[in-house]
Amino acid sequence: MTQKIYEDDSYLYEFTATVVSCREVSSGLFDIELDRTAFFPEGGGQYADKGTINGLDVITVSEKDDVILHRVCEPIPAGTAVSGIVDREMRFLRMQNHTGEHLVSGIIHSEFGYNNVGFNFDDKKVTLIVDGPLTDEQITDIENKANEAVFRNAAVTAYYPDAETLASLDYRSKLENIQNVRIVNIEGYDTCACCAPHLKGTAEIGLIKIIGRASDRGGTRLLIVCGRLALEDYQNKHKAVRDIMAALAVKEEETAAAVKKMSADLLEERKRNSDLLCRMAAMQLRTPERSAGGILYAFTDGAGCNELITCLNDMTVESGVTCLLLSGNDEKGYFFVMSNKDASLRQDWDKISSAVKINGGGDDHFRQGKCRSTKEEILSALNKTD
Ligand SMILES: [Zn+2]
């Protein structure tokens with residue numbers, strides 16, 4: 001059984017210990033058991049601590065049957081005195097977010113009776129799932145209460161109650177008939193069973209911000225950032241607002257309205273642009289040229305198949321002449337419509353389709369489709385005179 005230093009002192013980042021055993025688990029990887037450790041193994045939704053033992057990087061930390069194993073890439077013989085260093089910055093950031101999660105879960109439980117049914121901390125944010133619905137207003141209220149608790153610096157304590165005390169205790173994550181249940185209490189806010197290291201007071205959590213909400217199988221999934229992560233989130237969002245202010249030349253309080261107005265203006269401009277393109281295309285299509293082979297043709301860009309057909313129907317063409325209208329560009333390819341009202345267009349179609357990459361359907365008097373050749377290649381095919 002390993003003595004868990006982090007349970008008594010979650011702020012002790014440097015420690016000495018003696019190696020109890022060393023086992024090679026695969027080529028070049030060894031699991032080191034110590035008599036005592038400040039390294040928290042993975043558990044309760046929180047990742048394992050990082051750090052070093054005698055200068056060797058600790059790759060993972062795991063626990064089985066009250067024995068904690070530290071995976072390193074070199075053997076350390078049993079009996080060796082070692083010094084361990086836990087990554088202080090990462091541990092503190094995790095404690096800020098983990099203790100913040102306890103506080104938010106406790107407030108939701110006492111206010112709404114909902115249970116925490118899922119928790120994950122990926123070093124960027126806390127994901128918390130509770131088994132009931134929450135509105136935006138309720139979430140703002142929870143956030144305000146959680147930050148009030150931070151301002152009050154409520155004490156956080158962890159202990160192992162005796163079986164009788166445990167049986168009478170009302171706590172979250174209630175465990176039945178379990179020995180050695182560790183209770184973490186936030187004075188006045190939450191009591192919960194948990195094995196991880198926590199802060200000693202809520203003030204150290206720093207700002208608690210709920211940055212996302214989504215429905216989750218009848219419950220609610222919340223994304224939360226605490227402490228340093230909340231500061232980083234604020235700095236990033238502040239920079240984004242400053243960038244918008246500079247780009248749109250507006251005051252901070254005007255940014256949301258200015259972006260909405262710009263979005264509406266853009267939609268209107270796009271519609272006007274589209275209308276103009278269609279009108280321009282119609283004008284270009286109504287002044288066709290005649291190829292060396294006698295085909296009337298016109299190019300444009302921005303017209304769809306329907307506009308091409310409308311223009312084709314409006315054209316006045318001598319009897320037996322084939323018309324070809326195309327819309328597009330060399331990069332995207334060309335939509336086309338082709339017709340001959342009085343005679344078969346097969347000969348003209350065969351001549352063009354043998355020279356360019358063209359796919360289309362239709363009959364002897366009308367065809368439409370897509371051409372993937374360049375304008376130059378299409379013109380060359382049209383003007384071929386053999
Ligand atoms: Zn905990």
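Reader: Does F39 count as buried or exposed?
Author: The relative accessibility of F39 is 0%. The model is predicted, so that local features need pLDDT of at least 70 and side-chain atom pairs count only at pLDDT 80 or more, while totals for chains, interfaces and linings use all residues. Residues are numbered from 1 along each chain as its sequence is written, and side-chain values use heavy atoms, leaving out hydrogens and water. On the scale used (buried under 20% relative accessible area, exposed over 50%, partly exposed in between; 1.4 Å probe, protein chains only), F39 counts as buried.

Reader: What is the distance, centre to centre, between the rings of F15 and F39?
Author: The whole structure holds 6 aromatic pairs (Phe, Tyr or six-membered Trp rings with centres within 6.5 Å; planes under 30 degrees apart are stacked, over 60 edge-to-face, the rest tilted). F15 and F39 form an edge-to-face pair with 75° between the planes. Centre to centre, the distance is 6.0 Å.

Reader: Which residue has its charged end over the ring of F299?
Author: F299 belongs to one aromatic cluster with Y297 and Y334. A charge sits over a ring if Lys NZ or Arg CZ is within 6 Å of the ring centre and within 35 degrees of the ring normal. At 4.8 Å from the centre of the F299 ring lies the charged end of K375.

Reader: With the side chain of which residue does the T191 side chain make a polar contact?
Author: T191 is placed in strand β14 (residues 190-193) and counts as buried at 18% relative accessibility. Leaving aside residues up to four places away in sequence, T191 touches (heavy atoms within 4.5 Å) several residues, including L169, Y171 and I183. A polar contact is an N or O pair within 3.5 Å, with one atom able to donate a hydrogen and the other to accept it; sequence neighbours count only through side-chain atoms. At 2.8 Å, the partner of T191 is N185.

Conventions:
Helix = DSSP H or I, 4+ residues; strand = E, 2+ residues; numbered from the N terminus.
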